[in-house]
Amino acid sequence: MTEQPRPAPAADFVTRVGVLRIDHVGIAVADLDAAIEFYGRTFGMRCLHRETNEEQGVEEAMLAVGPDPAGGRVQLLAPLSPRSTIARFLDRNGPGVQQVAYEVEDVAAAAEALRARGVRLLYERPKRGTAGSLVNFVHPKDAGGVLIELVEKPHPER
């Protein structure tokens, strides 16, 4: 019988994985312009950044929640094609929360620490995310059905 590794204390886990805070909540939408307008009109959110990410197959907008742009954010994700991950999500679930994103100090180191704990990630190496960030995702089957995104903010030298 093989002995399973014992979980490290929570403080050690945070130190090794480098989780800093919740970065944003991602919401899948069919129409990005309509969603931006709705969140602005209804909740007073304003669009901080908008871009097309061909690699991820999405058009996205990052919205500020509240007056502090460094505070909470909502990411709206619309599919670029019917074959994109977000299009498949919308087909299965309809619009709604698609992911929770945590900011980490170093996405590659966080992925390595998680893999050492037996957690699967979707990518072997980080990919480009919003506004030059680096991202990877924890497989939802290893996170209680929640797609967790790990986000490393862009560095000036990148």
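Me: Where is the place of Ser 133?
Reply: You'll find Ser 133 in the loop between β6 (127–128) and β7 (134–138). Helices (H or I, at least four residues) and strands (E, at least two) are DSSP runs, numbered from the N terminus. Before we go on: this is a predicted model, where local features need pLDDT of at least 70 and side-chain atom pairs count only at pLDDT 80 or more, while totals for chains, interfaces and linings use all residues. Residues are numbered from 1 along each chain as its sequence is written, and side-chain values use heavy atoms, with hydrogens and water left out.

Me: Why does Ser 133 count as buried?
Reply: Buried means under 20% relative accessible area, exposed means over 50%, and partly exposed is in between (1.4 Å probe, protein chains only). Ser 133 has 4% relative accessibility, so it counts as buried.

Me: What does the side chain of Ser 133 reach?
Reply: The backbone oxygen of Thr 130, at 2.9 Å. A polar contact is a pair of N or O atoms within 3.5 Å; within protein, one must be able to donate a hydrogen and the other to accept it, and residues adjacent in sequence count only if both atoms are side-chain atoms.

Me: Why is Ala 131 called partly exposed?
Reply: Its relative accessible area is 41%, so Ala 131 is partly exposed. Ala 131 also sits in the loop between β6 and β7.

Me: What about the phi of Ala 131?
Reply: That phi is near 55 degrees, a positive value in a residue other than glycine. As background, most residues other than glycine have a negative phi.

Me: What makes β6 and β7 a pair?
Reply: Two strands pair if DSSP finds at least two bridges between them. β6 and β7 have two bridges, in the antiparallel sense, and Lys 127 stands opposite Val 135 in β7.

Me: In which order do the strands of the sheet come?
Reply: Eight strands form an open sheet in the order β2-β3-β4-β1-β5-β8-β7-β6, with mixed pairing. The edge strands are β2 (46–53) and β6, each pairing on one side only. Besides the eight strands, the chain has four helices.

Me: Which residues is Gln 56 in contact with, leaving aside its neighbours within four places in sequence?
Reply: Contact means heavy atoms within 4.5 Å. For Gln 56 the list is Tyr 123, Lys 127, Arg 128, Val 135 and Phe 137. With Tyr 123, the two side chains make a polar contact at 3.2 Å.

Me: Which residues of helix α4 (residues 107–116) are buried?
Reply: Val 107, Ala 110, Ala 111, Ala 113 and Leu 114.

Me: Why are they said to be on the same side of α4?
Reply: They cover an arc of only 165 degrees around the axis, which puts them on the same side of α4. The arc is that of the directions from the helix axis to the C-beta atoms. The face turned away from that buried side carries the exposed residues Glu 112 and Ala 116.

Me: What happens at the start of α4?
Reply: A side-chain oxygen of Asp 106 reaches to within 3.0 Å of the backbone nitrogen of Ala 108. After α4 comes Gly 118, whose phi is positive, near 85 degrees.
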